[in-house]
Amino acid sequence: MPERLLLTGNHAAAYGAMLSKAEVISAYPITPQTMIVELLSELTASGRMPAKFITVESEHSAMAACVGASSAGARAYTATSGQGLALMHEMLHWAVGARLPIVLTNVSRAMAPGWSIWCDQNDILSQRDVGWMMLFAESVQEAQDFIIWMYRVAEQVFLPGMVGMDAFILSHTAEPLIVHDQDAVDAYLPKFEPLYDLDPAQPRAYGGLVNRDHYFELRYKIYENMDRAGQLLVEAGEEFGDVLGHKYTPLEGYLLDDAEYVFVSAGAMTSNVRQAVRDMREKGIKAGLLRVIAFRPFPIDGIRSILAGRRKVAVLDRNMSAGHSGIFAEEIRSALLGQPDAPPVYGYIVGIGGRDVRVETAMDICDDVLVREEPEMALFVGVKGLPIGPLRKDASIRPLQPLEVMR
Amino acid sequence: MIELRIHGRGGQGAVVASKTLAQAAFQAGRYVQSYPDYGVERRGAPVVAFARIAEPGDDLFVRQDIREPHHLLILDSTLLDSANPLAGLRNGGWVVVNTSDPPDSLGIVPRFRVATVDASEIARRHQLGTAAQPVVNTAILGAFVRATSIVSLDDLLTAIDHEVPVKVEENRMAATEAFEQTQLEVTV
Amino acid sequence: MSGLEHVDDYPEIPVSLASTSTILKTGAWRSVRPIFANRMAPCSAGCPAGVRIPAYIDDIKEGRLEAAYATVTARNPFPRITGRVCPHMCEDNCNLAITTGEESISIRSIERWLGDAGMDLPDPAADAETGKRIAVVGSGPAGMAAAYYLRRTGHEVTVFDQRPQPGGILRYGIPEYRLPSEVVDEEIARLESMEINFHNNVALGRDFTLDDLEAAYAAVFIATGAGQEKLTGIDGEGLLESGLDFLEAANRGTATLPGPRCAVVGGGNVAMDVARVLRRLGADVSVLYRRTANEMPAIAEEYEHAVADGVHFHWLVLPRTIKKDGAQLRVTVEEMWLGEPDESGRLRPEPTGVTCEMHFDGVFSAIGETADTGVFPPRLRNDDGWLDLGEDGETVDQMVFAGGDLATGPATVIEAIVAGRRAARAIDEQLGFSAVWPAEEPLEVVPPKDINLTYMPHHDRSDDHAAAGATAPASFAEETDTLSEAEILEEIDRCLSCGHCNNCGTCFVFCPDGAIIWDDGPRIDHEFCKGCGICVAECPGHVMVLVNERDVSHA
């Protein structure tokens, strides 16, 4: 029977890995993710979770161990955050090229320096082009469920996937969580059948040298399978509802039907944008919310059909690609380019380094987007001393005062 | 949606208090959130924890800092002088303070309601924590329940069973005693 | 991945299609290859017998005692003896000592322990009987070694000796406290158990002639030693007692003190032995030497023991006359000074003309020993009267060989053993046989710079302990104890195993390509070795070397 417990996002992720019957977990602790693997180590040590927990000396090795385990046919899981995900980067590529359906949870944390344990999504979005599927959780429930959903699809296309969860706002917040019935999860997620068996009796070379006559085809197949995953996410999300009681979709809308102004958000701050959209409606503004759950594969068709014909689209990005814009805004603009009835896309950058993104913040953005005429690539919200707006034109580098004294 | 803020010092159990209160409301069928203020935690340093409890009809929950709480729990009365705990408290909100002094002696402005209980003494009596560093969280929750009635004492005691890792019976007795000994003062 | 013309022909991942990894034989990338080289450790190179020391140390470490003993006895049949009396030239160039400044490995102690342990081990069976009879004259270390190897190669061996018991200098020269007679007895018993015949109390030139032997035996090996003290040239020579004769008497238990104050003239090992035996008999002993401690030919260890025993040393004095004065001897000595180096490289003592007189009850000569070659036919001798010998001890008579101190003058036990072994081999080959003899070709010695100390544990050196009760001046009991097995194993742990693979596994651990295969030990899979050289760099004893691929024969 399913159980209702009050748990943090981190513990929910650990339950997600346990319900998925991950067989090998290899991880290195890093705040704010540590509670995930702490609980998993307890669950494996106590025997409640029949899995092998491999301790390693770095995130790079953690992913390498997952690569080995997955190659050998085990369902492998890890969790990391921020700098840890960055250190994993090389092995993330390996998991893709070796077509290993590993799942990891990344608790999004701003990158150092300056050292920060607070949330923004630049860590996970820096891995955009590696070839991992990516889902962004909004609630503690999703922190658990998306792991199960991700394995289901990953093991059909033989590509790895990561679930993003925002630091502290989800990772350390306790909320009611439905822990699914294990038999139901087993019915949803069958045993992992690896693409290739590692058989000592039939030694083969894996991941060897591929000359320029052949590499392109292998990569083509990765692209092809990532594309397939888009439809599979829809089907598996539907089936999740049938078997486990809640349907998931790559995109989620709120009050969209007649919305003229669509606010786009991803991750935990979406809860506040949703509340703000309701408040806008109460003020008579035809506002709606589009939440992006799947970032890779990017649901291009859904975004095109949902956004076509709207008056304005405001994208809230808790990340920034310096020199361009917010990353979600950039992706949505490129999806809409050349489409009939494509709306103008206003990119808003918010909440960097854990700055609180509040209902009022979304309301301020609403006020701005209603009156702003030109869509801007990047509009910064909440930088001290500056109104919402694009970059200043007249900024100059200001050395530290003591340096001038020394001179 | 009811928003609560708990002020304490590292070691007093403020984070567990938040979780226990949320658990009590959760058992009563309400949607809840509980989270600590994510800072560096160490014994004796000021600590803040938060909780949200749904009211009938609430269907959306937000995920942002609680800046204007409905009620406060203050686990160490010295924080009244140093930590400005009343900031943002809504009018008519309860300030539940761990002190042996009566409510009207704390000098809290009349737009708030004050409840006091000597939670430290109760905790010491039940050997919760050490004599110098009593763990007062379950006792102050008893006082909070008495003052606000947001959850019932029974729900609180069941939540203590669920959330408190050691000395469950002593904690239940501390909460019950505090519930009974709380001094309330309506100063509106 | 040939024949892949369409994207659908491809597997999902870069995996070899064949179950053998034919497409990835990375060995083809290699321009140099590592090999396990046959190299010489400096200890083995320093040993006159060339005993492969790291090999037997490795065998001991792994518990293969029989193999260890066989490794030693292939080149030196008597580790029990040399483990006690050898000046251990092997320890002089230890790479551990050179590279770390620590003390060298205590090789002689290990050898001694192995020699003692070897008494319980079988000797290798003799080769098939050849039917050839061979005579060995003299049963000291050279004769014993020759007899041992000739018997092992299947010949019938008879050893003749003029004294009542075999052993020569081992029994009658070296004092009991350095080499107990039981040890000699047991080693002789080993030889007897190999069916070597011993004829005692028979002397060449007295009881038989060389011609008699040549008539009766297929070959003869003569090793009668250097049993005569050289004349000192002192006025009053007749008043001197022979150091060697005194040692023999001491070993027979018949030595007596001429009086409480004695002098020994000379600075070699015999002088040290005589002085220390005299001390044990209760005398006050002075060594009179014409040079200084730096030039003394005695091995340093024996000098140190003599000092510890309370022997007095008088440097730069040369006795000129000895006169009897009642019961006492008055010795006039001339003081010397050191001039230019002589042909031996030592500073030459020059007379100063200053004399003084010393008084003793007895004076012993030990300035050097020489051989009595008068018993040999003139055809075997050269113009100086010494035997005229080839490299392996061959004489002008095809079937007569000689060696040991007889040929070289007084030298070490191990050098005598080597002479016996070389002569045995020459005889064996001369007789038309070809037993498997250990290789003698010179090998490249592992230099200190090639050693990798990173993985070596560090212990202090263990030497043989002074035996309880044997340190008192009056005791003739063996002065040291053999180390325990535990001490030996700890000492062995210090050995870098220069040039000898002791299966330490470092190459296996470090090879980044898994090209080291481990069967009983490491083997290189050259199909996959890319020639990176990490194994060679990490190999602690530099057993592995890189060779140019072009130079490797593909035959």
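Trainee: What share of the contacts in chain A with a separation of 6 or more comes from residues 24 or more positions apart?

Mentor: That share is 79%. A contact here means two C-beta atoms, placed from the backbone, within 7 Å. Keep in mind that this is a predicted model: local features need pLDDT of at least 70, side-chain atom pairs count only at pLDDT 80 or more, and totals for chains, interfaces and linings use all residues. Residues are numbered from 1 along each chain as its sequence is written, while chains are lettered from A and ligands numbered from 1 in the order in which they are written.

Trainee: What makes A:V24, A:I25, A:S26 and A:A27 count as buried?

Mentor: A residue is buried if 20 or more other C-beta atoms lie within 10 Å of its own, exposed if 12 or fewer, and partly exposed in between. A:V24 and A:S26 on one side of strand β2 (residues 24-27) of chain A, and A:I25 and A:A27 on the other, are all buried, so both faces are covered. Strands are DSSP runs of E, at least two residues, and helices are runs of H or I, at least four, numbered from the N terminus.

Trainee: Why do β2(A) and strand β3 (residues 52-55) of chain A count as a pair?

Mentor: Two strands pair if DSSP finds at least two bridges between them. β2(A) and β3(A) have four and run parallel, so they qualify. A:S26 stands opposite A:I54 there. The path from β2(A) to β3(A) goes through helix α2 (residues 34-45) of chain A, in a right-handed β-α-β crossover; that is, with the strands pointing away from the viewer, the path from the first strand over the helix to the second runs clockwise.

Trainee: And how do you know that β2(A) pairs with strand β4 (residues 76-80) of chain A?

Mentor: They share two bridges, in the parallel sense, so they meet the cut-off of at least two. A:V24 has A:A76 as its bridge partner.

Trainee: What makes the set of 191 residues a nonpolar core?

Mentor: Such a core is a set of buried Ala, Val, Leu, Ile, Met, Phe, Trp, Tyr and Cys residues joined through C-beta atoms within 7 Å. Among the members of this largest core that touch the most others are A:M150, A:F263 and B:V96. Helix α7 (residues 140-157) of chain A gives the largest share, eleven residues.

Trainee: Which residues does B:A139 touch, leaving out those up to four places away in sequence?

Mentor: They include B:V117, B:A119, B:I122 and B:A178.
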